[in-house]
Amino acid sequence: MFKPGQSGNPQGRPKGARNKLGEAFIEAMHADFEQHGVAAIVRVREEKPDQYLKVIASILPKDLNVNINNMDDLTDDQLIERIRSLDSAIRPFLDAQGASGSVGGTGPETTH
């Protein structure tokens, strides 16, 4: 019936035919989301938190770079000041624990 290498539709599929269903579906989903989206999200979050998290995970990129280091832009002087500030904040707690003997460790105290 058909010669080798010839399809049953020599004209091929009409241009854009494959995308019409997808486009119609997306348009319908968009219209529905515009009307009910926020309420649906709230309902799923409250009633089915596991499904809510699945949706969130499914829309995240596969390679998510979560860099929460907010010190990358600090100068050396700013970093030193930050360390000194943190040392001042925790020093009273470290000194109190050291005085009561509740901190383990056998080495000498270090000075910062």
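Let me start at one residue. Leucine 60 sits in the loop between helix 2 and helix 3 (76-100). Its relative accessibility is 39%, so leucine 60 counts as partly exposed. Keep in mind throughout that this is a predicted model.

Together with Leu53, Ile56, Leu64, Val66 and Ile68, Leu60 forms a nonpolar patch on the surface. The accessible area of that patch comes to about 600 Å² in total.

Now step back to the whole chain. What is the pattern along the sequence? It reads α-α-α. There are 3 helices and 0 strands. Helix 1 covers 17-47, and helix 2 covers 49-59. Helix 3 covers 76-100.

How much of the chain is buried? Of the 112 residues, buried ones make up 1%. The chain exposes about 10,900 Å². Carbon and sulfur atoms account for 57% of that area.

I will take the second largest one. Two elements each give two or more residues to its lining: helix 1 and helix 2. Which of the elements gives the most? Helix 2 does, with 5 residues.

By class, that is 8 nonpolar residues, 1 polar and no charged. Note Ile56 in particular.

Isoleucine 41 lies in helix 1. In sequence, isoleucine 41 and valine 55 are 14 residues apart. In space, their C-alpha atoms are 9.9 Å apart.

On to charges. How many salt bridges does the structure hold? It holds 2.

Take the pair in helix 1. Arginine 43 forms a salt bridge with glutamate 47. Their closest N and O atoms are 3.3 Å apart. The two residues are 4 apart in helix 1, so about one helical turn separates arginine 43 from glutamate 47. Both arginine 43 and glutamate 47 are exposed.

Then the pair in helix 3. The side chains of arginine 91 and aspartate 87 meet in a salt bridge, at 2.7 Å from N to O. Arginine 91 and aspartate 87 are also 4 residues apart, in helix 3, and therefore about one helical turn apart. What about exposure here? Arginine 91 has 25% relative accessibility, so it counts as partly exposed. Aspartate 87 has 22%, and the cut-off for buried is under 20%. So aspartate 87 counts as partly exposed too.

To recap. The chain has 3 helices and 0 strands.

How values were computed. Residues are numbered from 1 along each chain as its sequence is written. This is a predicted model: local features need pLDDT of at least 70, side-chain atom pairs count only at pLDDT 80 or more; totals for chains, interfaces and linings use all residues. Side-chain values use heavy atoms; hydrogens and water are left out. Ala, Val, Leu, Ile, Met, Phe, Trp, Tyr, Cys and Pro count as nonpolar, Asp, Glu, Lys and Arg as charged, and the others, Gly among them, as polar. Patches are made of residues with over 30% relative accessible area and no salt bridge: like charges are joined within 9 Å, nonpolar side chains (Val, Leu, Ile, Met, Phe, Trp, Tyr) within 5 Å. Accessible areas come from the Shrake-Rupley method with a 1.4 Å probe; for residues, only the protein chains shown count as cover. A salt bridge is a side-chain nitrogen of Lys or Arg within 4 Å of a carboxyl oxygen of Asp or Glu. Buried means under 20% relative accessible area, exposed over 50%, partly exposed in between (1.4 Å probe, protein chains only).
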